[in-house]
Amino acid sequence: MRASVCCVLLVACSDYELNPQDPVGSDPIEELVLAEPVAVTGPSVRMKRGEETVLDSSMSFDPDDEEPVFEYVWWVENEPQDAVYTLSEVESAAALFSAESLGVFEVGLLVIDEDGLESTNPALTSIEILPYEQMELRLTWDIPDVDLDLHLVRPNGSYYSETDDCYFGNPLPDWGVLGDRRDDPFLETDSEDGNSPETIRLQVPEEGVYEVFVHYFDSRDATQIYATPSLEIRAEGQVLSLDVGPKLYGPGKVWKAGVLDWSTLTWTPSTVLTTHSDLGGPPVNQ
Amino acid sequence: MLLLFLSTAYAATAADLSQSMAVPTADVVQATFQGHAVTNDVLTQLGILTPNEGIDFAYMTTGRVGSPPEPGEDLPPMGRPQGDRATLTLQLKVPANANSLAFDFYFLSAEYPEYVGTQYNDEFTANVTGTAWSGNAAQDSQGNNISVNSALFSVTQSNQLTGTGFDKGVGGGTGWLTTLVPANPGDVLTLEFSIFDASDGVYDSSVLLDDFYWSESEISTPVIVGDLDVDFLSPKRGPTAGGVTTSVFGEGFNETCTASFDGVEAVSTTFVDESELVAEVPPHAAALVDVVVECIGVSNKLIGGYTYYDEEAGALPPVIDAVEPYTLDPLGGELVTVIGQDFVDGLQLFLDGDLVAATWLDATRLEFESPAHDPGLAAIEIVNPDGLLDYRDGAVLYLENPTWPPEDTAVVDTQNPDTGDDGSASSGKMDGGCGCGAPVGVVPGVFWSLMFGLGLFWRRSQ
């Protein structure tokens, strides 16, 4: 493992011989300057809360050792306020990091070579913890020819609001960053007869508690009008919940289906029935 | 029974009746009346019923004007219906700009409810003879003549008939209905209004006639405009550009109906049947809008019936997925590639807040030459022309001696030794590790190879 050191030693000797102007009698062993190791980690990482990443130190090196053996020290240099996170294997070549808090973390790395020298260069991995993605709501109901409508109300929003509620009358509201489609919900399909699901998708939801409503909009010409809705909630491509709601007895009835806490992916279902007018909905369909 | 009956004349002439209906005198070729003189009049009011146009209307009955309709009066010849018929015939010259004519009628009958569905059901007819269309224009959608059996006979509440003589359970009526009849410009057509008893001469019926006018509406068959309802649209949403073909469902539609969206008339409205129209949606800004259907003489609004939305609203922001290489020389001058998504030509790249010239390659790649920077992490921000951006903390790491083995540095040292400000070898760059300032360009490579081999030999011998 000391081959290159030996080489340095020999080079130093030859250097001495090739440079007779150097002070006579200087000890080539004393002239040897051991180089500090260089810690390298990264590149930066983006991941969802709860995911785990392996921090890479494999690009670290020692200028005076082709096959260095390091000791490692990992630590969190910067973190969001009140952050909850885990950094483990902090003395290994590959530390493990995960966080439950959103924001940017910086994890530092220090390596120590066999000569006991520590790296002094900045070596940080920037880790950005992102919210969960891919919210999807699918509404179906059991009888044809009646029209039920799905409503997704953003955190602290209100039912039938032009800005807060994504529904048939407001199928593509601009939420989050103005003009950014990725954080806007979209009523992808507006089923008018129950033959296909009514679907709302939101790729990058802001964190918070969303409310979901099912509004019995119109019985149209149906002879059988009592409708039982079913609601599927998906997150990150996985089914979070599948609920069957209470029977809705006609236009104007509303099922307060539940609340979805996107920061924890927690769906709290409800069987509460109310009415469009009780929720402050404006006159529609009349 | 109190019969509120206000008459301007008694035993009016055919011309009087025509005038009370507001038929333009100049267009009347001939007007005649057949029946007992007591069976017609010009009225300004019948109970709570008032003219639809002007100050009066024509009134015809199967009994005697001013007499209670129940049990009614059987006019000669007694016991038979022949005497209980009143007919007003108008021969009219159709104006050059008219494609149809319209009139309002209100049929009342004491046969309701006792004789519904029997042979005693009195009728009102409006027979037309013309080149555009001939037949009885006063029929409901099922082809029934106007009687107590017609679907249009819908006014049966006493308070809707107060003072007419048909209130308090005596009978009922149709309400005011507008009838539209096809006509050919320049034609001379005959319009014959009749009301008559059936099977017997008692239990009288009456008809009010008013608000005649010529219309430009082009229709192929007569239309009776009754109640109009708009129930729903399907599809009920579409893009702001319009162009969607949507079905409007409801009741009481006819060929004269047009749909409008927030006051903007549909590009086209096609009559399918009494319960469906097909409309081509006009352009409109994103909004939930009301839909109005207007047919001749009637309209109805569906609040929040249709949604416009902008399919193109918003854009996808750029996303930085990776930067290659990750480690950069603090001296700068390296070609760096940013890999990601939705990069738009004309974007700007900032490195730690400083604008750096970048070359857009495609939606997923761009390049820039790294500027000089102190050792340490640097953030990269990409801003698309629309202002949407992605900011990546710690996207690159500026690092001296960024790689092992430091071949590129050795080449630099060989061809252009960097002595640095203090005259020493390039700081941190691999020069054999001795820091002794050897003139490596002078010493042949074979010499270094030899030295390295000796070193290995020495190590193995330990």
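**Strand pairing and local features in chains A and B**

In strand β25 of chain B, B:T337 is the bridge partner of B:E324. The structure is a predicted model, in which local features need pLDDT of at least 70 and side-chain atom pairs count only at pLDDT 80 or more, while totals for chains, interfaces and linings use all residues. Residues are numbered from 1 along each chain as its sequence is written, and chains are lettered from A and ligands numbered from 1 in the order in which they are written.

The secondary structure of chain B comes to three helices and 31 strands. Helices (H or I, at least four residues) and strands (E, at least two residues) are DSSP runs, numbered from the N terminus. Of the 462 residues of chain B, 42% count as buried. A residue is buried if 20 or more other C-beta atoms lie within 10 Å of its own, exposed if 12 or fewer do, and partly exposed in between, with C-beta atoms placed from the backbone. Among the contacts in chain B with a separation of 6 or more, 67% are between residues 24 or more positions apart. Two residues are in contact if their C-beta atoms, placed from the backbone, lie within 7 Å.

An open sheet in chain B is formed by four strands in the order β23-β25-β29-β28, and its pairing is antiparallel. Two strands pair if DSSP finds at least two bridges between them. Strands β23 and β28 of chain B stand at the edges with a single partner strand each, so one side of each has no neighbour in the sheet. On average, neighbouring strands of this sheet are turned by 25° against each other, direction ignored. For such angles, axes are lines fitted to C-alpha atoms, for helices over the stretch in contact, and the angles run from 0 to 180 degrees between N-to-C directions. In a regular strand the side chains alternate between the two faces of the sheet.

The pairs in this sheet of chain B can be followed in order. Strand β23 (residues 319-324) of chain B is joined to β25(B) by five bridges, and the two run antiparallel. Five bridges also pair β25(B) with strand β29 (residues 365-369) of chain B in the antiparallel sense; here B:L335 stands opposite B:E369. Strand β28 (residues 358-362) of chain B pairs with β29(B) over four bridges, again in the antiparallel sense. In that pair, B:A358 has B:F368 of β29(B) as its bridge partner. A hairpin through two residues joins β28(B) to β29(B).

B:G333 is found in the loop between β24 (327-328) and β25 (335-341) of chain B. B:G333 is exposed because 10 other C-beta atoms lie within 10 Å. B:G333 touches B:E369 and B:S370, not counting residues up to four places away in sequence. From C-alpha to C-alpha, B:G333 and B:E369 are 5.5 Å apart in space, although 36 residues apart in sequence.

Cis peptide bonds occur in chain B. One joins B:E324 and B:P325, with omega about -5°; B:P325 lies in the loop between β23 and β24 of chain B. Another cis peptide bond joins B:S234 and B:P235, with omega about 0°. The loop between β14 (229-234) and β15 (237-239) of chain B holds B:P235.

Chain A has two helices and 17 strands, and 40% of its 286 residues count as buried. Of the contacts in chain A between residues at least 6 apart in sequence, 59% join residues at least 24 apart. The average pLDDT (the predictor's confidence in each residue, from 0 to 100) is 87 in chain A, where 88% of the residues score at least 70. Over residues 1-26 of chain A the pLDDT is below 50, and this stretch has 46 contacts in the model beyond near neighbours in sequence.

Four strands of chain A form an open sheet in the order β1-β7-β6-β3, with mixed pairing. Its edge strands are β1 (45-48) and β3 (71-78) of chain A, each of which pairs on one side only. Strand β6 (residues 103-112) and strand β7 (residues 124-130) of chain A run antiparallel and are joined by six bridges. A:V104 has A:E128 in β7(A) as its bridge partner.

Positive phi values in residues other than glycine are found at A:E89, near 55°, and at A:D145, near 70°. A:E89 lies in the loop between β4 (85-88) and β5 (95-99) of chain A, and A:D145 in the loop between β8 (135-141) and β9 (147-153) of chain A. A:E89 is partly exposed, with 14 other C-beta atoms within 10 Å; A:D145 is partly exposed, with 17 other C-beta atoms within 10 Å.
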